[in-house]
Protein chains: 2
Amino acid sequence: MRWWGWGDSAHAQPLPEHALALLREQLGIDGARHPPVELDRVTLAAPALDPLVRRRLAAIVGGEGVRDDHAARVLHAAGKGYPDLVRLRAGRPEGAPDAVVYPSSHAQVRAVLDECAGAGVAVVPWGGGTSVVGGVAPVRGSLRSVVALDLRKLGRVLGVDEVSSTVTVQTGMRGPALEAALRAQGLTLGHYPQSFEYVSIGGCVATRSAGQASTGHGRLDELVLGLRCAAPAGDLSLPPLPASAAGPDLRELLVGSEGTLGVLTDVSLRVRPRPGHEQYEGMFFRSFSEGSEALRAAAQHEVLPDVARLSDEEETGMSVVLAGGEGLRARAGQAYLRARGYADGCLAIFGWDGEADEVDRRRAASLAVLRERGGLSVGSGPGRSWAASRFQAPYLRDELLDHRVMVETLETASQWSRLAGLYEAVAGALREALARRQTPPLVMCHISHVYETGASLYFTFLARQEEGREIEQWRAAKTAATDAIVAAGGTITHHHAVGRDHAPWLRDEIGELGISALRALKRELDPAGIMNPGKLLPG
Amino acid sequence: MRWWGWGDSAHAQPLPEHALALLREQLGIDGARHPPVELDRVTLAAPALDPLVRRRLAAIVGGEGVRDDHAARVLHAAGKGYPDLVRLRAGRPEGAPDAVVYPSSHAQVRAVLDECAGAGVAVVPWGGGTSVVGGVAPVRGSLRSVVALDLRKLGRVLGVDEVSSTVTVQTGMRGPALEAALRAQGLTLGHYPQSFEYVSIGGCVATRSAGQASTGHGRLDELVLGLRCAAPAGDLSLPPLPASAAGPDLRELLVGSEGTLGVLTDVSLRVRPRPGHEQYEGMFFRSFSEGSEALRAAAQHEVLPDVARLSDEEETGMSVVLAGGEGLRARAGQAYLRARGYADGCLAIFGWDGEADEVDRRRAASLAVLRERGGLSVGSGPGRSWAASRFQAPYLRDELLDHRVMVETLETASQWSRLAGLYEAVAGALREALARRQTPPLVMCHISHVYETGASLYFTFLARQEEGREIEQWRAAKTAATDAIVAAGGTITHHHAVGRDHAPWLRDEIGELGISALRALKRELDPAGIMNPGKLLPG
């Protein structure tokens, strides 16, 4: 993973010339390239971990298991949010952990937490480090020092229960490694967030991740059956039951706890047979609202595709241009679309997977409902092309940052009856907040997760960076958007989690007493307050 | 509701003579009838509510809203568990609330809680009063007095959002009243626990109720989107979002909280179009394990019926005999079954509902998988007959109690890989515990809720009552069964909730730290400890 951005340089692609031209014209950037600083130019404070504590931690995890060299600290200095990357590229992260600790078992995690609780050292649980909401920022709060607890050595499958269709896996395991292990047994978890190639399973659970096929196969929080957590106050183990009425569901308190209550060390997840077949279909609608109504009908008729994604007019026009294609409308045949009255329409991508005959049947059932509500099929090409580039967006972001384009995403969800209002409010707030700063943005949106009672909205916005005031500019846009979300009745996050960036708005979602309840829970499980300070709960 | 038993006397049916003969032979009862005492013979202590507090409560809810007459106190003296009914029928309930308070709004609930918290009065939230696990026992704990908070006046639909397919309803509303209101708009909640005719919606939510069609349409906890709760520490309101990643899910903390954290005053639930068509199918399997494997296959192939219920050999032989029929095997054609090798087999009832063509298709898909695994169709008769008597079992229990038959049910769930072991362990424990007391039981079981990763087991057992030691006898059986459940890896309750009866085993399910976490939450939301003392958490 590139310390200043995403993934592997071998997979990165330069921004195509016509996309750059478009951005010059639309955003007013100059088109010059501004690469990140070199690694050794990144400025970090000296590590502040007490040498005695460092020795004790090394006694637990081994000498190789504690690192405080420059590279390790920089790699754990931030997640992958826009402000994180802006700061890293400039060589000025907000901070860095005083050390990175690599436990290799639950018992080692337990012992590390005991040591850190006793010594007053903050602990930031670290999976793939892909948080885009400040969820892994090395915040020490009122404590003297902070360590990142990198779980990569907890990377094994502990057991597959084929009869019950479940897998128990250590939380540091990466998405692709788990899929590889399951593939060997004809199974899949089928959880594909955009960050799939780098995420840890534990990180996905702790943040209530949703994947690109979650419409059909469930959010990750719905697939968690059991878990084991090392909290400073002790261990908590919940068995992988299919269902229970034994009181409040503590799984649902630890799922989504974002490392603030303890460290998830293993989880049991529902898996399913690996699909033998998958099929994609592109479909145009005359407008975002027409497409949205069609998705609602499909959901409420229980004929949803497994992947269901509807871009608004702006995204339909822009996104593939930026990714280097000829534009979604062009690909679908602009003349054909114009002739049918869909020239300014919106593209949807639908996907189904499973056994071939079942895919055929379900696809036919979905398409019947979608066509009846205005959908125009444009074949499997757009869907296949989306699937081929489904993990590419973070690379594109690095290219845009190189050209001093502000690029950020944010997401929400609400009931169907509020969705159109929410969409207008957020897009409007972003446009207004950035226009006011003389950096009018491009704002795009898609629906990516669909439910019987509502759907998610995923916004991407681009603007010319305000040089030297990038963070201030970002904060203005983020604040305006989140205020608009709250006012319009959306959730502050559908699948990016709360982290540090959304924490100031959590009270708007769960109320003062909800915050008090979470604080009480935290005091009980983490009395010394060492777990991931500054995240989830408002300051 | 009959104070000493279930429902309306007009709907009760006497135990048929051939069933009584069978019980005389199998259990050794004498067959004589022992009716409950008269209402005025029920012994209660004098109400202990401070007159000043009583006046203040009356000022909040009106003079008619506080009752402490004999009939009101007896009706709120216990739920509908076996030990409750044994005690009530003898005129010796364990206790009774000092008063019954009937608020008619969230604001009145709020004010009542404030008054009770200040005065040190325990509050037992009361919906339909149908708990079978001691969930509404009038326990005062260390407090001076206890009131039942009967929510029947919170009985309105607050709004239907047809676009989002949700309803917001006050929690005192009864199941049939809500269905009637939804029917007028072509909708249904579709939640049918056996206690449907008397349950309150809030009670179902607070206890994680599962209904007879929950295999297809979801447990009630899965249908809750938003809620409003009055806790002693304040109000908590959670919006009806389709999904969110905003931290731990507090809905899942209040759902299942069994009145120990606060009073749910309204909830938003997912509804669906009222099905135009329903179809039932009876099917025999050669054994419970063959049928269980077939259900597993249907679940894992995602072709489950909406109702899926498989009786074991004992239940197949017994249950309809007791209900007055000619026996399930007889009804299915004993000669036919024998000829096909299913003479000692197990009956399953399957049901599908929805639009007619969709029902046909789904039924065909289910039956294909079930037949391939040994299922023998026996037509729609057994299913229709089950559906016609689906709410009758509690009446039958009253008849059995009249004849001094101990009759109790208990339920659990586990992963498929543990299910056979769990079944053997629980049935064995019941047989052994009661045989040791010279009251060998009849033990029957069915699977009633099926999931991809596991299923529930619902046991019914009958034995001759030990006169004068009925409670001791019950406790011995209950303890043996629950110990066996815990040892075999089942949940202590799949849908009856924890109440008072299962509280001693909650620690086995969620661990010491889980208990501490719940206690911390309770301290925060209910600092004076007035909410439903003695329930959920172990003493």
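## Pro394(A) and its surroundings

Leaving aside neighbours within four places in sequence, Pro394(A) is in contact (heavy atoms within 4.5 Å) with Trp6(A) and Gln194(A). Pro394(A) lies in helix 17 of chain A, residues 393-402; helices (H or I, at least four residues) and strands (E, at least two) are DSSP runs numbered from the N terminus. With a relative accessible area of 9%, Pro394(A) is buried, a term that means under 20% relative accessible area, with exposed over 50% and partly exposed in between (1.4 Å probe, protein chains only). Its C-alpha atom is separated by 17 Å from that of Ala463(A), 69 residues apart along the chain.

## Basis of the model

This is a predicted model, in which local features need pLDDT of at least 70 and side-chain atom pairs count only at pLDDT 80 or more, while totals for chains, interfaces and linings use all residues. Residues are numbered from 1 along each chain as its sequence is written, chains are lettered from A and ligands numbered from 1 in the order in which they are written, and side-chain values use heavy atoms, with hydrogens and water left out.

## The interface of chains A and B

On chain B, 74 residues are in contact with 74 residues of chain A. The buried area, which is the accessible area (1.4 Å probe) that two parts lose on being put together, summed over both, is about 5,400 Å², and carbon and sulfur atoms give 65% of this. Pro242(B), Pro248(B) and Leu513(B) lose the most area in chain B, together 12% of what that side buries.

Four salt bridges are found across the interface, a salt bridge being a side-chain nitrogen of Lys or Arg within 4 Å of a carboxyl oxygen of Asp or Glu. Arg270(A) forms a salt bridge with Glu452(B), with the closest N and O atoms 3.5 Å apart. Among the elements of chain B that each supply at least two residues to the side touching chain A are strand 8 (224-231) and helix 20 (506-525). Helix 20 of chain B gives the most to this side, with 13 residues.

## The nonpolar core

The largest nonpolar core has 88 residues, and those with the most contacts inside it are Leu269(A) and Leu269(B). Such a core is a set of buried Ala, Val, Leu, Ile, Met, Phe, Trp, Tyr and Cys residues joined through side-chain atoms within 4.5 Å. Not counting residues up to four places away in sequence, Leu269(A) touches residues including Val167(A), Leu178(A) and Ile201(A).
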